[in-house]
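Here are my notes on the model you sent.

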Amino acid sequence: MRIAVDGRPLCHPYTGIGVYAYEILSRMAASHELFVYLDRALPAPLAFRATLRSESLPQLAVHFLFPRWAQRDRVDVYWGPRHNLPLALTGIPAVVTIHDMAWRQAPETMKPLNWLVDAVFMPLALARAKRILAVSTATAAQVCRFSGRRDVDVVPLAARSVEEIIPFKHPRPYFLFVGQKEPRKNLPGTIEGFHRAVTRGLKHHDLVLVGPDGWKQDELAGMIAAGDVGERIVDLGPISDARLAGLYQGCDALVLASFYEGFGIPLLEAMQQGKPVITSNAGVLSEVGGDAALLVDPGKPDRIAEAFMRLANDSRTCSRLAANARVRSRLFSWDRAARQTVDVLAAAAGRQPGLPGEPRHQGG
């Protein structure tokens, strides 16, 4: 197939959606002709075969230029890997991936402009798409309730592929947080939970934070320095995949007690290394973590503190969750996700599936 792709997520390789787009496209490229459309230069060359079309554009202009490129390239199907489709796209079947419904479920966790973009363009994409993909059953259910459609295909994500691992040397055991620092990640609640755990006798563990700065997190520096545990909270900022893999290997557990997520790839990355996870007790995070997770109410720092204490002091629980983590992580595969995505794109284009593999899973 000739597949046109909104390649803008590839410009943000450290985000979950950027990882998703890269991992799926790198596998599609082996069997299909990709046309990747961009509104800016990529931060690094792609490691897979694709025709790139790039022009510096304001956001609204892509709704008209991308369809023009797709018509010129005579593509069979257009894929929007993040929430929207071009307004002027006509005559070409389209598929859109929905990662979350945060603009309806948790609008307070979004930047106003991002909220406006999703609130305006996502309903239009859901109405116009030939087929819809969702990355979890939780998101699929929300899409079905909102749109009234029942033809939502659930294609779960997976952990990133890492060929090199750089060991992380730290003088103490540590819990790990991975993610962009933004309101939905609940870093203030996580840090407060760590403070309370230390107050209750958590003696030997540190908390290591990894990820780029986001927004509305100005108070984090003060929270980290508060009390007598500032030196036990380490913020490494954004790091390479190889260094991150070393951090997963070395941690005792991952903590991702977000208020809202579309999926939660860091959970799988930690579980792949046989690490327990502390995560939220509702929505997709509990769906992904399953029996490898201690589930907490993200709005209650005391519950987060209790989870820190339990994993620090209860070796039996740690061993059970670690064993479950390795088994559960094998249920998620980028190869399978790519095959299922191609199946949906082929169905939208009226063609036979292009990559053999498991049948698609219908959600909703």
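1. A term first: a salt bridge here is a side-chain nitrogen of Lys or Arg within 4 Å of a carboxyl oxygen of Asp or Glu. R184 and D100 meet that cut-off, with their closest N and O atoms 3.5 Å apart. The two ends come from distant parts of the chain, 84 residues apart. R184 sits in the loop between β8 (174-178) and α6 (187-199). D100 sits in the loop between β5 (94-98) and α3 (102-105). Keep in mind throughout that this is a predicted model.

2. Is this pair buried or exposed? Buried means under 20% relative accessible area. R184 has 11% relative accessibility, so R184 counts as buried. D100 has 8%, so D100 is buried as well.

3. The structure holds 24 salt bridges. In general, side chains of opposite charge can pair when their charged atoms come close. One of the bridges joins R8 to D6, with the closest N and O atoms 2.7 Å apart. Both of these residues, R8 and D6, are buried.

4. D206 and R232 form another salt bridge, at 3.7 Å from N to O. This pair also links distant parts of the chain, 26 residues apart. D206 belongs to strand β9 (residues 206-210). R232 lies in the loop between α7 (220-225) and β10 (233-235). D206 and R232 are both buried. Elsewhere, salt bridges link E192, R196, R200 and D302 into a network.

5. Now the sheet. Six strands make an open sheet, with parallel pairing, in the order β10-β9-β8-β11-β12-β13. Which strands stand at the edges? They are β10 and β13 (293-296). Each has a single partner strand, so one side of each is left without a neighbour in the sheet. On average, neighbouring strands are turned by 25° against each other, direction ignored.

6. The pairings can be followed strand by strand. β8 and β11 are parallel and share two bridges. Within this pairing, F175 stands opposite A253 in β11. β11 and β12 are joined, again in the parallel sense, by three bridges. There L256 has T279 of β12 as its bridge partner. Strand β12 (residues 277-280) runs parallel to β13, with four bridges between them.

7. Look at the side chains of β11. In a regular strand, side chains alternate between the two faces of the sheet. A253 and V255 point one way from β11, while L254 and L256 point the other way. All four residues are buried.

8. Helix α8 (residues 241-250) packs on it, touching β8, β9 and β11 (253-256). The direction of α8 makes about 140° with that of β8. Helix α11 (residues 301-313) lies across β8, β9, β11, β12 and β13. Relative to β13, α11 runs at about 160°.

9. Helix α2 (residues 62-72) has these buried residues: V62, H63, L65, F66, P67, W69 and A70. What covers them? The cover includes β1 (2-6), β2 (33-38), β3 (51-54), β4 (77-80) and α4 (112-128). Just after α2, R74 takes a positive phi of about 50°.

10. Two further backbone angles are worth a look. H83 is not a glycine, yet has a positive phi of about 70°. H83 lies in the loop between β4 and β5, and is buried with a relative accessible area of 1%. N186, also not a glycine, has a positive phi of about 60°. N186 is placed in the loop between β8 and α6. With a relative accessible area of 3%, N186 is buried.

11. Last, the surface. L87, L113, W115, L116, V120 and L124 make a nonpolar surface patch of about 510 Å². Of these, L87 is found in the loop between β4 and β5. At 36% relative accessibility, L87 counts as partly exposed.

Conventions: Residues are numbered from 1 along each chain as its sequence is written. This is a predicted model: local features need pLDDT of at least 70, side-chain atom pairs count only at pLDDT 80 or more; totals for chains, interfaces and linings use all residues. Side-chain values use heavy atoms; hydrogens and water are left out. Buried means under 20% relative accessible area, exposed over 50%, partly exposed in between (1.4 Å probe, protein chains only). Contact means heavy atoms within 4.5 Å. Two strands pair if DSSP finds at least two bridges between them. Axes are lines fitted to C-alpha atoms, for helices over the stretch in contact, and angles run from 0 to 180 degrees between N-to-C directions. Patches are made of residues with over 30% relative accessible area and no salt bridge: like charges are joined within 9 Å, nonpolar side chains (Val, Leu, Ile, Met, Phe, Trp, Tyr) within 5 Å. Accessible areas come from the Shrake-Rupley method with a 1.4 Å probe; for residues, only the protein chains shown count as cover.
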